[in-house]
Amino acid sequence: MIALLGRQLRKDLIPQILITTLVILLASISLMPIASAEPDPSPKGMLFSSDPAGNKKEVFLPSEDVYVYGVGLVKNTQYKITVIDDTTMMSGDIIPSPASGTTITDVTTDGNGYFGPIVIWSNPLTPGYYDIIADCQTEGNIGYFDRETDAEDTIEASGKYGFFVIPEYTAGTILALAVCFASFGVYKSTKHIIHKKL
Ligand SMILES: [Ca+2]
Ligand SMILES: [Ca+2]
């Protein structure tokens, strides 16, 4: 009797088992494209030159300080940040000496792979085009640029410069032009008032 009930029970369960298996199979198939679309497990870090508040900034006056912050770097890890003359780096290249007037800065990333903004160059700055490179001190080759673990300014990645320091005379010219335009505006509005009075 018990054996009969058991057989009956198993017989009733067979369709349910088949349906459950089918559902699991379909769910696996539907999840497959999602799994293959997962982001790169080792995303490349990025550096950004900025102001003290962490707003991206690429053009500096010689009288300003250059700040940098990094995102997507190796977590809780030491990096050496170097300002170099504008160049194009390939993975495996030796990291050039710091640009004149700059020094290498040590930083440690937080649990999210983030650091900064920190000052990497205090004024007075030397006019020119520069790149910023972060050399990981725990992975890759120290002193060499490793694209998998290191990060450089993202603008450098597209073959451009990381940041630019405007020459004094350019800044002076812009200021002179601004004063000129402002004076011209005052003159025009004054003239307009005089004409009105006449
Ligand atoms: Ca390295
Ligand atoms: Ca560059």
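Visitor: In what order do the elements of the protein run from the N terminus on?

Guide: The model is predicted. Its secondary structure comes to 3 helices and 9 strands. Read from the N terminus on, the elements run α-β-β-β-β-β-β-β-β-α-β-α.

Visitor: Which element of the protein has the lowest mean pLDDT?

Guide: The mean pLDDT of the protein is 77, and 61% of its residues reach 70 or more. Over residues 17-42 the pLDDT is below 50, and this stretch has 1 contact in the model beyond near neighbours in sequence. Where pLDDT is low, the predicted coordinates should not be read in detail. Among the elements, β6 has the highest mean, 97, while the lowest, 47, belongs to helix α1 (residues 2-36).

Visitor: Which strands are the edge strands of the open sheet formed by 3 strands?

Guide: The order in this open sheet is β1-β3-β6, with antiparallel pairing. An edge strand here pairs on one side only, and this applies to β1 (46-50) and β6 (115-121).

Visitor: By how many degrees are neighbouring strands of this sheet turned against each other on average?

Guide: The sheet holds β1, β3 and β6 in antiparallel pairing. With direction ignored, its neighbouring strands are turned against each other by an average of 30 degrees.

Visitor: Which residue of β3 stands opposite Ser49?

Guide: β1 and strand β3 (residues 66-71) pair in the antiparallel sense over 5 bridges. Opposite Ser49, the residue in β3 is Val68.

Visitor: What percentage of contacts between residues at least 6 apart in sequence join residues at least 24 apart?

Guide: Of the 198 residues in the protein, 21% are buried. Among the contacts between residues at least 6 apart in sequence, the share that joins residues at least 24 apart is 72%.

Visitor: What distance separates the C-alpha atoms of Gly113 and Lys75?

Guide: Gly113 lies in the loop between β5 (105-108) and β6. Leaving out residues up to four places away in sequence, Gly113 touches Gly45, Val71, Gly72, Leu73, Val74 and Lys75. Gly113 and Lys75 are 38 residues apart along the chain, and their C-alpha atoms are separated by 4.1 Å.

Visitor: Is Gly113 buried or partly exposed, and why?

Guide: A residue is buried if 20 or more other C-beta atoms lie within 10 Å of its own, and exposed if 12 or fewer do. Because Gly113 has 17 C-beta neighbours inside 10 Å, this residue counts as partly exposed.

Visitor: Which residue does a cis peptide bond join to Asn123?

Guide: A cis peptide bond joins Gly116 and Pro117, with omega at about 5 degrees, and Pro117 lies in strand β6. Another proline, Pro124, has its place in the loop between β6 and β7. With omega at about 5 degrees, a cis peptide bond joins Asn123 to Pro124.

Notes
Residues numbered from 1 in each chain as written. Chains lettered and ligands numbered in written order. Predicted model: local features only at pLDDT ≥ 70, side-chain atom pairs only at ≥ 80, totals over all residues. Pairing = 2+ DSSP bridges. Helix = DSSP H or I, 4+ residues; strand = E, 2+ residues; numbered from the N terminus. Axes fitted to C-alpha atoms, helices over the stretch in contact; angles between N-to-C directions. Contact = placed C-beta atoms within 7 Å. pLDDT = per-residue confidence, 0-100.
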